[in-house]
Amino acid sequence: MAKLFADAKRRNTQWIFEKTGFHSAEKDEQFDDTSQRFNQMADDLNELGAGIAASLKLTKQAFDVNEKLSRLVDKFYNGEYNREWPEVNTLANMRHHAEAGRFRLYWEDAHQKVRPSAAAICIERSLDRLRYFSNESVPKLKERVQERNNAELNFHSYQRRQASAAKKKPGSKELEHLNSKLEMTSKHFNEINGVLKDDILKEKLARDALVEESVITLLICQAEMYRDISSNLNDLVAGLPQEKVLPIQTKIKDMALTGGPVRRTTAGPSTLEKGAMIATGMATTSDYVKTQAEKDQEAAAAAARAVAAEEVARSEDAYRNQGRNPEAVAVNQSMAIKVKAMFDCEAETDADLAFAVGDIIIVTSKDDSGWWEGTCNGKSGQFPANYVEAI
């Protein structure tokens, strides 16, 4: 025990000398670089393992949500929510009972059988191996690096002491003893240093093979998780009315080709800030009027949205009005109050209605506070009355 304590004290003294610059020892820069890269390599593997674990967890949650959703959909067709009134409106009867049942069965099979099977293989062949490498191989190698560093400090310590004794006590027994210790520690350090450098490089190759195996396994397992459910959903879609399928598929593809959906943003004050400025007389509506080019661009975008909204509205009205009295339908439509947006309006909360300049809004409620309620582009909410004008 006393010898271990003395060795540790000597190494600590040497470490302080080297850090403070009192003794400049020759370092193996190649090993230091290799060791640093090895430590970074270990951190990289931890990130990969954490990413795969998170993917498996979130995929499980996604499949669980979709399985529950499929069961809910099936209830509307084949279960407790199937509340048809054929004596009132025979044309409103839902027709896709078989598809809803298959939709539920497909997601149950995907979530309860396919996904957990693929996840188990991914854990066995990828995640468990990454964990073993990070939790077993890496710590063992780090222990050996520490042993090597201790051997280096021992070697440098005797190197420093031998040089001092050679100057102060030439020919003494102490110098003879230090020469022996220096030779022994030098040999031990060089042996362990050379072997360890080779072993670190071997671990690097093993790490590369592990990463490739893990990534290949991950890709295959993800493909298998989604292969059957994707194929089954495509079969379901193929059996749906294609006059409904094709427009939706086309819109999705077109939007994806243009970079995906873009959220409209407005520079400058928020909707509430604009309303407050106008209400308090600190600004007028003309202060927020945009250039003619901006107006033309927004008007064109609003017109395109209006056409799309009208198309959706006609389709929805056609479904809703099947079997109803045509005169009553005409009266309801004529009573709607429509206004036109003069400014962009952002939704500050879930209760707010967002719209752009030129959008047409159907007013459903008016309030003396200056905040009205209405619908626009399929959404409902409240909006400032001074942002719109009557049509």
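What follows is a working chat about a predicted model of one protein chain.

Reader: What is the mean pLDDT of the protein chain?
Author: The model is predicted, and the mean pLDDT of its protein chain is 81. Of the residues, 73% reach 70 or more.

Reader: Where is confidence lowest, and where is it highest?
Author: The lowest is helix H8, residues 326-334, with a mean of 45. Helix H4, residues 173-238, is the highest, at 92.

Reader: And which residues have a pLDDT below 50 around there?
Author: Residues 323-334 are below 50. That stretch has six contacts in the model beyond near neighbours in sequence.

Reader: Back to H4. How many residues does it have, and how far does it reach?
Author: H4 has 66 residues and spans 95 Å from its first C-alpha to its last.

Reader: Where does H4 bend?
Author: At Arg227, by about 30 degrees.

Reader: What about H3, how far does that one reach?
Author: Helix H3 covers residues 97-168, which is 72 residues, and reaches 100 Å from first C-alpha to last. That is close to the 106 Å expected at 1.5 Å a residue. H3 also has a kink of about 45 degrees, centred on Ile123.

Reader: Changing topic. How many salt bridges are there in the whole structure?
Author: A search finds 18. One of them pairs Asp44 with Arg207.

Reader: How far apart are the closest N and O atoms in that pair?
Author: In the Asp44 and Arg207 salt bridge they are 3.9 Å apart. The cut-off is 4 Å, so the pair counts.

Reader: Which parts of the chain does the pair link?
Author: Distant ones: Asp44 is in helix H2, residues 29-78, and Arg207 is in helix H4. The two residues are 163 apart in the chain.

Reader: Now the sheet. What is the strand order?
Author: It is an open sheet of five strands, ordered E4-E3-E2-E1-E5, and the pairing is antiparallel. At the edges are strand E4 (379-384) and strand E5 (388-390), each pairing on one side only.

Reader: By how many degrees are neighbouring strands turned against each other?
Author: On average 45 degrees, ignoring direction.

Reader: How many bridges hold E1 and E2?
Author: Four, between strand E1 (residues 337-341) and strand E2 (residues 360-365), in the antiparallel sense.

Definitions and conventions. Residues are numbered from 1 along each chain as its sequence is written. This is a predicted model: local features need pLDDT of at least 70, side-chain atom pairs count only at pLDDT 80 or more; totals for chains, interfaces and linings use all residues. Side-chain values use heavy atoms; hydrogens and water are left out. pLDDT is the predictor's confidence in each residue, from 0 to 100. Contact means heavy atoms within 4.5 Å. Two strands pair if DSSP finds at least two bridges between them. Axes are lines fitted to C-alpha atoms, for helices over the stretch in contact, and angles run from 0 to 180 degrees between N-to-C directions. The expected span of a helix is 1.5 Å times one less than its number of residues. The bend at a residue is the angle between axes fitted to the seven residues ending there and the seven starting there. A salt bridge is a side-chain nitrogen of Lys or Arg within 4 Å of a carboxyl oxygen of Asp or Glu.
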